[in-house]
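Colleague: I would like to go through the terms in your description one at a time, and hear what each one rests on.

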Amino acid sequence: MVDLDFWKNKKVFITGHTGFKGSWLCLWLYLMGAKVTGYSLKPPTNPSLFELCKIDELVSSHFTDIRNKDQLIRSMFDSSPDIVIHMAAQPIVRASYKNPVETFEINMMGTVNVLEAVRIVSKEGMPIQAVLNITTDKCYQNLEWPWGYRENDRLGGHDPYSNSKACSELITDSYRNAVFVPNEYKRHGVALASARAGNVIGGGDWAADRLIPDCIRSVLNGDKIKIRFPKAVRPWQYVLEPLHGYLMLLQRLCKEGPEFAEAWNFGPNDEDIRTVHWIVKQYCQKWGRNATYVIEENIKNPIEAHLLKLDCSKAKQRLNWYPVWDLNTAIDKIIEWTSAYEKKQDLRQISINQIEEYIKDVKKHGH
């Protein structure tokens with residue numbers, strides 16, 4: 001469970017804080033009293049959760065590129081963080097086919113720059129205790145077998161996005177073994193881990209070529225939702241689920257150090273591993289108003305995996321982290337958020353309400 005006292009006045013440095021997950025995380029940390037510094041490009045979409053919830057009023061922001069290592073080092077020095085969370089990325093599979101070089105530059109060298117900045121800042125006496133690199137479930141070499149991937153399964157990825165995230169994991173492992181060595185923890189004081197989440201969905205995601213944002217845009221415009229890959233199976237989860245896992249893991253990294261400096265999966269229960277077609281059908285039924293969809297036939301798409309599952313046994317056993325909101329609840333919360341957007345309600349408060357409701361449900365379940 002997240003410890004509110006732990007996070008109060010903690011200084012947290014987040015790369016990619018203007019993105020969908022980064023914005024939700026900033027809001028949650030702010031509610032707990034953390035002092036957040038963000039390092040990112042301007043919001044990647046219009047509209048964006050970052051702007052709609054006025055996140056910039058709650059955090060200190062550096063709007064610059066993760067590839068600018070010198071600026072990153074200066075920004076990290078200025079903020080003197082206790083915790084570093086690396087979320088900045090080129091996060092879209094289909095976009096990686098169009099811009100493979102940029103994808104590798106951002107996802108690989110961005111990781112190198114962050115970990116190098118931590119190395120340099122730590123050597124100068126800055127008190128960084130924990131570093132968490134957020135990657136993806138797509139970092140595994142996907143053999144499309146029917147069981148979930150474990151953290152020690154082989155990394156890989158056919159498309160540039162997935163491959164670059166596998167490389168980001170390997171870079172993290174290299175820094176953990178060569179720089180922030182667990183056996184030398186008393187010398188450097190930095191615990192380095194990585195986290196691999198499933199297909200994260202939630203209110204406020206407006207990215208291109210993602211299923212839920214495509215659904216939202218279509219229903220708000222009165223258009224049919226177009227499905228390009230109906231039989232694809234993914235581990236869907238509401239955005240607060242993996243964020244809860246990240247926060248729990250960071251607490252353990254700070255308190256217990258190298259014992260938790262590893263790779264971690266955070267995904268849904270097996271019953272929430274569903275097809276794209278199932279998700280869209282449920283979304284239309286819950287939205288109502290004659291929302292409908294069409295399956296596009298004979299569309300040439302970039303290669304994407306058909307089946308992907310995560311085994312989260314380690315997080316459940318060692319962190320006592322468990323999924324709390326099932327997929328039906330997740331879709332309900334997306335509908336709730338989108339309806340509030342449509343009615344021009346206070347979206348920061350709507351988001352805060354969802355975080356507080358989620359925390360209550362976590363306590364009910366004893367996690």
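Colleague: What makes you say that α6 bends at Met-109?

Modeller: The bend at a residue is the angle between two axes, one fitted to the seven residues ending there and one to the seven starting there, and for α6 at Met-109 this angle comes to about 30°. This is a predicted model, in which local features need pLDDT of at least 70 and side-chain atom pairs count only at pLDDT 80 or more, while totals for chains, interfaces and linings use all residues. Residues are numbered from 1 along each chain as its sequence is written, and side-chain values use heavy atoms, with hydrogens and water left out.

Colleague: How do you know what span to expect of α6, and what follows the helix?

Modeller: Helices are DSSP runs of H or I with at least four residues, strands are runs of E with at least two, and both are numbered from the N terminus. The expected span is 1.5 Å times one less than the number of residues; for the 24 residues of α6 (100–123) this gives 34 Å, and the distance from the first C-alpha to the last is 34 Å, close to that expectation. After α6 comes Gly-125, with a positive phi near 95°.

Colleague: Why is α10 called largely enclosed?

Modeller: Buried means under 20% relative accessible area, exposed means over 50%, and partly exposed lies in between, with a 1.4 Å probe and protein chains only. In α10, 14 of the 17 residues are buried, so the helix is largely enclosed by the rest of the structure. The helix covers residues 240–256 and reaches 24 Å from its first C-alpha to its last, close to the 24 Å expected, and just after α10 Gly-257 takes a positive phi of about 65°.

Colleague: Is Asp-205 buried or exposed, and what does its side chain reach?

Modeller: Asp-205 has a relative accessible area of 4%, and is therefore called buried. Asp-205 sits in the loop between β7 (199–201) and α9 (211–221), where its side chain reaches the backbone nitrogen of Ala-207 at 3.2 Å.

Colleague: What makes the pairing of Asp-205 with Arg-210 a polar contact?

Modeller: The term asks for a pair of N or O atoms within 3.5 Å; within protein, one must be able to donate a hydrogen and the other to accept it, and residues adjacent in sequence count only if both atoms are side-chain atoms. The side chains of Asp-205 and Arg-210 meet at 3.1 Å, and the pair is counted as a polar contact.

Colleague: What is the omega of the peptide bond that joins Asn-46 and Pro-47?

Modeller: Omega is about 5°, and the bond is cis; Pro-47 is placed in the loop between β2 (35–40) and α3 (49–52).

Colleague: How many cavities of 30 Å³ or more does the structure hold, and what makes a space a cavity?

Modeller: There are two. On a 1 Å grid over the protein atoms alone, a cavity is a set of points where a 1.4 Å probe fits but cannot get out, whereas a pocket is an open set with protein on both sides within 12 Å along at least five of seven lines; lining residues have an atom within 4 Å of a point.

Colleague: Which classes of residue line the second largest pocket?

Modeller: Ala, Val, Leu, Ile, Met, Phe, Trp, Tyr, Cys and Pro count as nonpolar, Asp, Glu, Lys and Arg as charged, and the others, Gly among them, as polar. On that basis the lining of this pocket has three nonpolar, one polar and eight charged residues, with Glu-151, Asp-153 and Lys-314 among them. The pocket holds about 150 Å³, and α7 (160–178) and β6 are the elements that give two or more residues to its lining. The lining of the second largest cavity, by class, has eight nonpolar, one polar and one charged residue.

Note on methods
Points joined across faces, edges and corners; volume = space filled by probe spheres on them.
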